[in-house]
Amino acid sequence: MTHTLEELLIARMAREFRGNAMGVGATILSDLAARLAKALYVPDLLLCTASRAAADCDVHAKSVLDEWTLTRTARIALPWDELFQIIAQGRFQIFIGAVQVDRFGASNISVIGSWDRPKVQLVGARGVPDDLWGCERLCYHIRQHTKRSIVEKVDFVCSFGYGPGRDPRAAKPGLVVTDLGVFDFDADSGMRIVSLHPDVGFATLQERTGFTWPEPSGPIPLTPAPTAEELRVIRELIDPHGVRRLEANDGDVSALDLWRTAAANLREMS
Amino acid sequence: MTLDDLAAEIADGQSVAFGGGGVQRKPMAATQAIARAGRTGLHLVSLLGGPEFDLLLGLGRVQRISFAFVGYDAYGLAPNFRAARESGTVEAVEYSEATMLTAFEASAKRLPFLPTRFGLGTDLLNTATSPFRTFPCPLTGETLVAVPALKPDIAIIHVNFADRHGNVLIQGDTFGDLLMLRAASKRFATAECIVDELPRQGSPLATVVSRMWIDRVIEAPRGAGMTGMFPVYPIDLPRLLEFQKQAHDPDWLASFVSEGA
């Protein structure tokens, strides 16, 4: 069955979630991946999308007004102090939408350039320095793999990766999923290629990475295609409205259009 | 009490903490009243800042900001926060989410600091204004982060319901509001609706905040303005995007403020 890159990414990220713990995706595609994982692979995954007041919900169709949808089945409101206790106890899994990830797995969402006088002020470190102390590993969904996003060294360390003096109790840098491929880390040599997506060659990867990759020693595996079952769940159950297209590199929907439809539906329901 | 009375209780140079998160449940009506009252030299505090930061920054009323995040969630960066940081015209203190909650908790317990492991080894500990210090745990010897108490002069949250006693009900995400209220010196809640008594059989997803942590309640229907207020109204996205586009212009902001939330 033919599929889009977004569908491949959702299906690939869904394989990473384990049960009896929280699963959170901070990007649209990784959020859909957590829903797909709960629908097909880990039914006891605790979802907490969009709002802590709509936590531990069933699998629903994604909407730009998620809180309204998810509240229909959400079982708990999760206070934020409890959230960080769950993190501290290693029962939290997350895909972070980092702006930079470096060769040894450090990540940054705070600033580009110097912190004192940033070239670009992003959103601030948010919960990344916290997720670092409790999570088993930190995974990343990088929407655009470029020399500026996959870098030799991050400009500001929101989470650290491997390297000298690393505190072994901190989260390990986990999987990095980009629009070119899937990557993980070796403690000594840094980022490694797990697979490349269809039609992506090593030359393209090198061209769009901010550090030099070692020459591959053999054929590079291909990221597996989503199964027919995964595609059905993505298209019919978790994203019939096509919110995933907001994160397509050749995106043809606008947030405003999706919001208009969702807001109109909300008015109808009330 | 009116929103203008609320603004009158704030002095120039005070620290004002805002509840909500990003573009959800922001006390926008109260923020506009503060802007109208001409308060300046403010220290803005929010776990997850949003358009309330941009409004006061764009009008030149802000000396200092403390935050773990400032942005419009899925809808992009906060333009005036960005401009102020990139031009170096505001003093910034960056926290993570858990360290700011820890700073609130220390203040709530009237402690000088509380220890945490969150943030250890990251550049948050290396910024020019970092309030954090590391220290060896007196019991185990491990290195921990000392997070000093953060005590805002004023805390403002927006809620769904308040009762005549001053208890309030939040139906959506509580973000950092609960610890922020307990940390602050003076606490205000603006409410969509003031009722005689809060419903006794509430949803398990709603949160009650006791009047122990609320000094004054002001009725402010649509008080979250263009930000989302579950379940009453969603984000007004066209208006939010227009604000994001125009926020660099102080004249536009001045007319935005005079229009009300």
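1. In chain B, helix α7 (residues 237-246) has Leu237(B), Leu240(B), Phe243(B), Gln244(B) and Gln246(B) buried, where buried is under 20% relative accessible area with a 1.4 Å probe, protein chains only. Helices here are DSSP runs of H or I, at least four residues, and strands are E runs of at least two, numbered from the N terminus.

2. A word on the source: this is a predicted model, with pLDDT of at least 70 needed for local features and 80 or more for side-chain atom pairs, while totals for chains, interfaces and linings use all residues. Residues are numbered from 1 along each chain as its sequence is written, chains are lettered from A in the order written, and side-chain values use heavy atoms, without hydrogens and water.

3. What sits over those buried α7(B) residues? The cover includes α3 (51-58), α4 (79-87) and α8 (250-259) of chain B, along with α8 (255-269) of chain A.

4. Now the interface: 55 residues of chain B contact 49 of chain A, contact being heavy atoms within 4.5 Å. About 4,100 Å² is buried between the two chains, 64% of it from carbon and sulfur atoms; that is accessible area (1.4 Å probe) lost on putting the parts together, summed over both.

5. There are 2 salt bridges between chain B and chain A, counted when a Lys or Arg side-chain nitrogen lies within 4 Å of an Asp or Glu carboxyl oxygen. Glu97(B) and Arg126(A) form a salt bridge through their side chains, at 2.9 Å, N to O. On chain B's side, β2 (42-49), β3 (62-70), α4, β4 (91-94), α5 (97-108) and α7 each supply at least two residues touching chain A, and α4(B) gives the largest share, 5 residues.

Conventions: Buried < 20%, exposed > 50% of the residue type's maximum accessible area, 1.4 Å probe, protein only.
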